[in-house]
Amino acid sequence: AIALPKIRIAAGTTADSLEITDVHLCCGKCVKGVQAALKDVSGVSKVEGDTKTGIVKVEGQGVDVRAALEALRKAGFNGKASL
């Protein structure tokens, strides 16, 4: 198993928009996988992934940032949150 870095976002941290950087987005299937992983996170209303930059933009209301990162990991993706 690969050891992933600890998520350094405090539990309960929320945002109405955030970027998740360094996400493996090599193709449209990866983007769809990320969108599927994040659609059920509370507060998320929009997810866009950029295959050129590896940046996922998340918008919504009161999105639980830590839950979003954990949902990505559960789906096999990793990244860093920028608020």
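**Entry 1: salt bridges**

I looked up Glu 48 and found its side chain meeting that of Lys 46 in a salt bridge, 3.2 Å from N to O. I noted the rule: a side-chain nitrogen of Lys or Arg has to lie within 4 Å of a carboxyl oxygen of Asp or Glu.

Before going on, I wrote down that this is a predicted model, where local features need pLDDT of at least 70 and side-chain atom pairs count only at pLDDT 80 or more, while totals for chains, interfaces and linings use all residues. Residues are numbered from 1 along each chain as its sequence is written, and side-chain values use heavy atoms, with hydrogens and water left out.

How many salt bridges does the structure hold? I read off four.

Next I checked how open the first pair is. Glu 48 counts as partly exposed because its relative accessibility is 40%, and Lys 46 counts as partly exposed at 39%. The classes are buried under 20% relative accessible area, exposed over 50% and partly exposed in between, with a 1.4 Å probe and protein chains only.

I then turned to Asp 40, which forms a salt bridge with Lys 39; the closest N and O atoms are 3.4 Å apart. Are these two residues buried or exposed? Both Asp 40 and Lys 39 are exposed.

Arg 66 and Glu 70 form another one, with 3.3 Å between the closest N and O atoms. These residues are four apart in helix α2, so about one helical turn separates them. Arg 66 is partly exposed with a relative accessible area of 25%, and Glu 70 is partly exposed with 39%.

**Entry 2**

A reminder to myself: strands of a sheet pair through backbone hydrogen bonds, either parallel or antiparallel. Two strands count as paired if DSSP finds at least two bridges between them.

I followed β1 (residues 14-21) and saw that it pairs with β3 (residues 55-64) in the antiparallel sense over six bridges. Along this pairing, Ser 17 stands opposite Glu 59, and Glu 19 has Lys 57 as its bridge partner. β1 also runs antiparallel to β4, joined by three bridges. There, Thr 21 has Lys 80 as its partner.

In what order do the strands lie? I wrote down β2-β3-β1-β4, an open sheet of four strands with antiparallel pairing. β2 (44-50) and β4 stand at the edges with a single partner strand each, so one side of each is left without a neighbour in the sheet.

**Entry 3: the largest pocket**

The largest pocket holds about 150 Å³. On a 1 Å grid over the protein atoms alone, a pocket is an open set of points where a 1.4 Å probe fits, with protein on both sides within 12 Å along at least five of seven lines, and lining residues have an atom within 4 Å of a point.

Its lining includes Pro 5, Ile 7, Arg 73 and Lys 80. Which elements supply at least two lining residues each? I found α2 (65-74) and β4 (80-82). The largest share, three residues, comes from α2.

Methods
Grid points are joined across faces, edges and corners, and a volume is the space filled by probe spheres set on the points.
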